[in-house]
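Here is a short tour of the model shown below. Follow along in the viewer, strand by strand.

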Amino acid sequence: QVQLVESGGGLVQAGGSLRLSCAASGRTFTSYAMGWFRQAPGKEREFVGRISQSGISTAYADSMKGRFTISRDNAKNTVYLQMNGLKPEDTAVYYCAADRIYGRRDYAYWGQGTQVTVSS
């Protein structure tokens, strides 16, 4: 089992940047592929991107490509979401998730989320 804690959210102006972190507990972090999702008020949860266990493979939703970058530091049991060129429509609660299978749609473990608010 793995526990996930997101941090780094906050209020930023449009065009700005934020880096979210997701710290994982346990000694098996390298067994888990990691994903980022977001949910805006009144909307369904949306896939942002994912990264493989080794960090070699990544994938992103089309609307995030070129603006968002996912990375991981396996020595620190942490995955990151670097967000650049933020837009008001990026306002949402951002969640990280973990699963042993890369590319799976349904992740086994979820964090509590961190709020990102982008002002215009």
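## The open sheet

Ser7 has Ser21 in S3 as its opposite number. Residues are numbered from 1 along each chain as its sequence is written, and since this is a predicted model, local features need pLDDT of at least 70, side-chain atom pairs count only at pLDDT 80 or more, and totals for chains, interfaces and linings use all residues. Side-chain values use heavy atoms, with hydrogens and water left out. S1 and strand S3 (residues 18-24) are paired in the antiparallel sense by four bridges; two strands count as paired if DSSP finds at least two bridges between them.

Four strands make up this open sheet, ordered S1-S3-S8-S7 with antiparallel pairing. At its edges are strand S1 (4-7) and strand S7 (68-73), each pairing on one side only. On average, neighbouring strands here are turned by 15 degrees against each other, direction ignored; the axes are lines fitted to C-alpha atoms, and angles run from 0 to 180 degrees between N-to-C directions.

## Overall build

The protein has zero helices and eleven strands. Helices (H or I, at least four residues) and strands (E, at least two) are DSSP runs, numbered from the N terminus. The radius of gyration is 13 Å, close to the 14 Å that the globule rule gives for 120 residues, so the protein is as compact as a globular protein of that length. That radius is taken over C-alpha atoms, and the rule is 2.2 Å times the number of residues to the power 0.38.

Along its principal axes, the C-alpha trace spans about 40 × 25 × 25 Å. Of the 120 residues, 44% count as buried, meaning under 20% relative accessible area, with exposed over 50% and partly exposed in between (1.4 Å probe, protein chains only).

## Around S11

Strand S2 (residues 10-13) runs parallel to S11, joined by four bridges, and Leu11 has Thr117 as its bridge partner in S11.

## The nonpolar core

The largest nonpolar core has 29 residues, and those with the most contacts inside it are Met34, Trp36, Leu81, Met83 and Tyr94. Such a core is a set of buried Ala, Val, Leu, Ile, Met, Phe, Trp, Tyr and Cys residues joined through side-chain atoms within 4.5 Å. Among the strands that each supply at least two residues of this core are S3, strand S4 (33-39), S9 and strand S11 (114-119).

## Two buried residues

Asp99 belongs to strand S9 (residues 92-99) and counts as buried because its relative accessibility is 3%. Its side chain reaches the backbone nitrogen of Ile101 at 2.9 Å, and a polar atom of the Asp99 side chain lies 3.0 Å from the backbone nitrogen of Ala108. Leaving aside neighbours within four places in sequence, Asp99 has contacts (heavy atoms within 4.5 Å) that include Ser31, Tyr32, Gln53 and Arg104.

Phe29 lies in the loop between S3 and S4 and is buried because its relative accessibility is 1%. Beyond its neighbours within four places in sequence, Phe29 is in contact with residues including Met34, Arg72, Asn77 and Val79. Phe29 and Asp99 are 70 residues apart in sequence and 10.0 Å apart in space, C-alpha to C-alpha.

Methods
A polar contact is a pair of N or O atoms within 3.5 Å; within protein, one must be able to donate a hydrogen and the other to accept it, and residues adjacent in sequence count only if both atoms are side-chain atoms.
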